[in-house]
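Please look over the structure shown below together with its sequence. The report that follows takes up contacts along the chain, charged groups and backbone angles in turn.

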Amino acid sequence: MTPSPAETNLATYDDARLAALYDHDNPPGEDHAFFRQVAEEAGATRIVDLGCGTGSLTVTLADEGRAVVGIDPAEAMLAVARARPGGNAVTWRQGTAELIEPASADLVVMSGNVAMHLIGDVWHATLQRVAAGLTPGGRLVFETRNPALRAWEG
Ligand SMILES: C[S@@+](CC[C@H](N)C(=O)[O-])C[C@H]1O[C@@H](n2cnc3c(N)ncnc32)[C@H](O)[C@@H]1O
């Protein structure tokens, strides 16, 4: 049987070899700085990092004494996240947006290309869970790649 897009993504990331290399290939940059700036400007105190991966952004969001939950379906990525310095300050959960507690967060972030993995019904279901998980006035902040930049040619 052909795997669904969501299953394919999970199989890709739930690989200890990929997870071990992920941070080398995806070092923190201005994207992470942007998410931290949004958290600061919003005065966020309860943050969910959905699709947190290896947690390199997640632990820095927890730096400021905030309550931070990192959620990801790929156990191999979470294993790296748990073991990283600062990992003890984050609550790590294996799964998807279904794990976001109702009205539990004033900020939900999806960094990297998480949003681009959430295709069709999964995207809509994720947005509904995120909306239910946000407190009034809360924000969802995510990024996507810009195909118009044709980064693959660089
Ligand atoms: C490119 S990584 C981004 C990781 C991290 N946010 C970052 O900026 O480095 C994409 C992550 O999305 C996760 N993912 C895939 N499907 C997901 C879903 N349905 N819900 C939440 N996360 C998902 C993958 O397991 C993977 O860790």
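A67 is partly exposed, with a relative accessible area of 45%, where buried means under 20% relative accessible area, exposed means over 50%, and partly exposed lies in between (1.4 Å probe, protein chains only). The model is a predicted one, in which local features need pLDDT of at least 70 and side-chain atom pairs count only at pLDDT 80 or more, while totals for chains, interfaces and linings use all residues. Residues are numbered from 1 along each chain as its sequence is written, and side-chain values use heavy atoms, with hydrogens and water left out.

A67 belongs to strand β2, and helices (H or I, at least four residues) and strands (E, at least two) are DSSP runs numbered from the N terminus. The C-alpha atom of A67 is separated by 8.2 Å from that of T91, although the two residues are 24 residues apart along the chain. Strand β2 covers residues 67-72 and also holds D72. D72 is buried yet has no salt bridge, and the nearest side chain of opposite charge, that of R82, is 9.8 Å away. For such distances the place of a charge is taken as NZ of Lys, CZ of Arg, CG of Asp or CD of Glu, with Lys and Arg counted as positive, Asp and Glu as negative, and His and the chain ends not counted. What the side chain of D72 does reach is the backbone nitrogen of C52, at 3.4 Å.

T58 lies in helix α4, which spans residues 58-61, and T58 counts as buried because its relative accessibility is 0%. The side chain of T58 makes a polar contact with the side chain of D49 at 2.7 Å. A polar contact is a pair of N or O atoms within 3.5 Å; within protein, one must be able to donate a hydrogen and the other to accept it, and residues adjacent in sequence count only if both atoms are side-chain atoms.

S56 lies in the loop between β1 (46-50) and α4, and S56 counts as buried at 16% relative accessibility. P28 is found in the loop between α2 (16-25) and α3, and P28 is exposed, with a relative accessible area of 56%.

## Salt bridges

How many salt bridges does a search of the whole structure find? The search finds six, a salt bridge being a side-chain nitrogen of Lys or Arg within 4 Å of a carboxyl oxygen of Asp or Glu. Side chains of opposite charge can pair when their charged atoms come close.

One of these salt bridges joins R17 to D15, with the closest N and O atoms 3.0 Å apart, and R17 is exposed, with a relative accessible area of 64%. R82 forms a salt bridge with E75, the closest N and O atoms being 2.7 Å apart; R82 is partly exposed at 36%, and E75 is partly exposed at 29%. The side chains of R145 and E143 meet in a salt bridge at 3.8 Å, N to O, and here R145 is partly exposed, with a relative accessible area of 43%, whereas E143 counts as buried at 18%.

## A negative surface patch

E40, E41, D63 and E64 form a negative surface patch. Patches are made of residues with over 30% relative accessible area and no salt bridge, like charges being joined within 9 Å and nonpolar side chains (Val, Leu, Ile, Met, Phe, Trp, Tyr) within 5 Å.

## Positive phi angles

Most residues other than glycine have a negative phi. A103, however, has a positive phi, near 45°; A103 lies in the loop between β3 (90-94) and β4 (105-110) and is partly exposed, with a relative accessible area of 41%. R150 also has a positive phi, near 50°. R150 is placed in the segment after β5 (134-142) and counts as partly exposed at 42% relative accessibility.

Conventions
Areas by Shrake-Rupley, 256 points an atom, 1.4 Å probe, with all protein chains shown as cover.
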